[in-house]
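This report walks through a few local features of one protein structure. Please keep the sequence and the 3D view open while reading, and look up each residue as it is named.

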Amino acid sequence: MTAYPHLLAPLDLGFTTLKNRVLMGSMHTGLEETKDWNRVAEFYAERARGGVALMVTGGIAPNREGGVLPGASGMMNDKDVADHSIVTQRVHDAGGKIAMQILHAGRYAYSPECVAPSPVKSPISPFPPAELDEDGIQKQINDIANSAVLAQKAGYDGVEIMGSEGYFLNQFIVTHTNKRTDGWGGSYENRIKLPIEVVRRTREAVGPDFIIIYRLSMIDLIPNGSTHAEVVQLAQEIEKAGATIINTGIGWHEARIPTIATSVPRRAFAWVTKKLMGKVSIPVITSNRINTPEIGEEVLAEGCADMVSMARPMLADAHFVAKAANDESAKIAPCIGCNQACLDHTFGGKLTTCLVNPMACYETELTITKSDTPKTIAIVGAGPAGLSTAMTAAERGHTVTLFDRADEIGGQLNMAKQVPGKEEFWGFVDWYRTMIADLGITVELGKEITADDLTGYDEVIIATGVLPRDPQIPGQDGPNVVDYIDVLRGKVTVGDRVAVIGAGGIGFDVSEYLVHDGDSPTENLPLWMEEWGVTDPEKARGGLAPEGPQPHKPARQVTLLQRKSEALGKRLGKTTGWIHRAALKMKNVEFVGGVNYERIDADGLHVSFGEARENPKVIPADTIVLCAGQVSDRSLADALADKGITSHVIGGADVASELDAKRAIRQGTELAAAL
Ligand code: NAP
Ligand code: SF4
């Protein structure tokens with residue numbers, strides 16, 4: 001008997017059956033734009049082999065004006081059909097099913113050619129859209145239906161029509177973006193005519209035996225968004241128009257409420273989908289922050305939906321479903337919701353991959369094969385760099401010994417997991433522990449390793465990480481000064497007024513840690529909703545609480561400082577930086593940039609401003625926390641070099657300036673793949 005009877009139950013769609021209740025949600029990886037269709041095919045085929053029932057591709061444009069960017073991948077002609085056929089063939093050979101997402105970006109298109117119901121510029125694009133006339137609207141409908149026909153010709157099992165997240169169809173639905181006075185605007189009936197017509201004409205064009213998923217925005221999280229009654233009305237009309245499945249969309253891209261970041265509670269929006277259950281007779285899919293088989297099973301067992309969509313978890317582990325089915329869920333590489341290598345890459349114009357799994361989207365480039373010459377390998381440092389090297393080396397058949405002076409594996413990950421909103425790091429370290437044991441890696445903890453301990457190995461890898469940078473501020477040896485490591489380890493008492501020196505990722509994390517007490521909102525959904533101002537769309541349009549965000553009182557008064565005069569947090573993750581900044585602002589954290597640190601004394605931190613060291617002032621503080629960045633810990637590597645032992649130096653020990661688990665894990669994996 002499986003632990004996941006609901007998750008693994010087949011779903012009969014009448015003309016076809018899905019083998020379980022897991023959908024791989026659409027992700028824009030950038031792979032299609034490489035035009036390396038073999039690589040695209042292998043990405044999806046690997047996930048088909050991993051057991052997911054149905055996959056949805058990244059957004060594919062139905063026409064030029066609808067593309068997210070100029071040159072975005074489209075389904076518009078026979079050449080596109082031929083390219084995509086490579087993907088569908090490979091997926092079917094692997095026993096999978098795949099639907100193509102038709103994405104018309106409307107005013108979200110980063111292009112001067114963008115079109116929309118009304119000329120209302122989006123806050124996330126510099127291009128004002130052109131208002132469509134009647135012919136223009138008919139062209140968009142025809143292009144979407146035609147794209148579905150071409151997708152069918154290319155061998156897809158279905159299409160997903162993107163109607164949520166604030167894209168084109170969604171833009172017609174709400175008055176926020178639809179100011180029309182003709183038959184496509186005004187009343188709600190008029191505003192939903194376009195999505196209904198799109199589904200109706202698509203169904204007419206593709207016939208009955210083809211999956212049409214409609215992704216419907218169930219909580220817009222923007223002013224003047226839809227009410228729940230309107231969502232139900234739309235869903236019922238979409239069913240009548242011929243959709244096979246309704247998928248959940250949460251929040252517009254311009255919403256100022258996080259919807260998928262790691263600090264969003266798990267299954268935070270399953271209750272929204274549940275409100276639609278029983279009101280339509282076609283299957284309904286729920287989505288957002290579902291990242292383990294346990295959570296998927298739970299939401300299905302509670303009747304929140306008929307299927308669950310997981311997108312990023314399928315980047316982290318292509319074999320998610322197969323492992324769940326084999327009773328090996330502890331071995332599923334967890335998606336920690338960081339966005340660092342997926343969405344941050346997409347929005348930075350880089351190919352998507354995954355912090356936890358550097359093989360994601362590199363299926364044809366980074367392959368792990370058994371070694372012909374098994375070696376003995378010593379790895380010093382059980383942080384992300386050392387752990388990923390150890391795992392890959394052991395998978396290849398090498399005999400690996402992993403050392404760390406600490407009593408536990410995980411390195412800096414153990415600090416990150418203490419931060420409210422970063423609870424996913426607990427599972428990440430647990431996963432490494434499981435895999436290290438499963439792969440038979442010898443682990444020696446709690447022992448300071450010297451160069452003498454490392455003789456006799458075929459390869460020595462130094463992943464000793466970083467040491468905190470000494471900012472050399474006069475008075476920093478006083479009793480009121482502590483470093484971030486002692487704070488996050490709970491080793492020191494921190495006063496009520498705190499100055500945090502350094503506003504990098506760790507300065508932000510430490511500030512977050514210090515303003516919270518009691519429950520982390522990430523572990524308490526009602527609290528999280530209150531803090532961000534989210535409510536039931538039955539009570540308020542778009543699910544925005546009329547009273548706005550209601551953050552709880554901060555546990556401490558924190559001042560966060562940096563020397564650079566640029567905005568604090570500017571260099572944080574592209575898709576998550578705004579969340580960190582907003583979260584601290586809500587807790588009244590004061591951001592101070594452009595400072596010189598003059599000295600520290602019993603009154604607090606003395607600073608001045610600018611090159612002329614003007615406007616001296618004291619930041620009153622009971623405790624000053626140093627988060628001034630890192631330097632590489634290369635002492636062991638240097639000692640080895642003195643003894644003539646060659647070593648590979650990776651992770652923070654190699655480059656500290658970007659102390660970064662993403663780079664460390666990729667570097668370790670690539671090194672071990674080549675040893
Ligand atoms: P960082 O991003 O390099 O930031 C260091 C901060 O210290 C900056 O604000 C810098 O700003 C300041 N600084 C640098 N030299 C200084 C000096 N001599 N005196 C005073 N201040 C100085 O380093 P980080 O915050 O340690 O984070 C590093 C990376 O770790 C992040 O980019 C992220 O990838 C990762 N990260 C890790 C964790 C974790 O828990 N391990 C958590 C979050 C992020 P000024 O030079 O302008 O003063
Ligand atoms: Fe998940 Fe982070 Fe990997 Fe993206 S990069 S899939 S958020 S673990």
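How many of the five residues of strand 20 are buried?

The model shown here is predicted, and the opening question concerns residues 557–561, which make up strand 20. Four of the five residues of this strand are buried, so strand 20 is largely enclosed by the rest of the structure. To count as buried, a residue must have under 20% relative accessible area.

Strand 20 runs parallel to strand 19 (residues 497–501), and five bridges join the two; within this pairing, Val500 has Leu560 of strand 20 as its bridge partner.

Strands of a sheet pair through backbone hydrogen bonds, and the pairing can be either parallel or antiparallel. In this model, five strands form an open sheet with parallel pairing, and their order is 15-14-13-16-27. The edges are strand 15 (442–445) and strand 27 (648–649), each of which pairs on one side only.

Inside that order, strand 13 (residues 376–380) and strand 14 (residues 399–404) run parallel and are joined by five bridges. One of the residue pairs to look for is Ile379 with its bridge partner Leu402, which lies in strand 14.

## Two residues with positive phi

Asn224 is not a glycine, yet its phi is positive, at about 60°. Its place is in the loop that lies between strand 9 (211–219) and helix 8 (228–241), and with a relative accessibility of 45%, Asn224 counts as partly exposed.

Arg267 likewise has a positive phi, of about 45°, although it is not a glycine. This arginine is found in the loop between strand 10 (245–250) and helix 9 (270–274). Is Arg267 buried or exposed? Arg267 has a relative accessible area of 18%, and therefore it is buried.

## A patch of negative charge

Which residues gather in a patch of negative charge on the surface? The patch is formed by Glu131, Asp133, Glu134 and Asp135.

Notes: Residues numbered from 1 in each chain as written. Chains lettered and ligands numbered in written order. Predicted model: local features only at pLDDT ≥ 70, side-chain atom pairs only at ≥ 80, totals over all residues. Heavy atoms only, no water. Patch = residues over 30% accessible without salt bridge, like charges linked within 9 Å, V, L, I, M, F, W, Y side chains within 5 Å. Areas by Shrake-Rupley, 256 points an atom, 1.4 Å probe, with all protein chains shown as cover. Salt bridge = Lys/Arg side-chain N within 4 Å of Asp/Glu carboxyl O. Lys, Arg positive; Asp, Glu negative; His and termini not counted. Charge placed at Lys NZ, Arg CZ, Asp CG, Glu CD. Pairing = 2+ DSSP bridges. Buried < 20%, exposed > 50% of the residue type's maximum accessible area, 1.4 Å probe, protein only.
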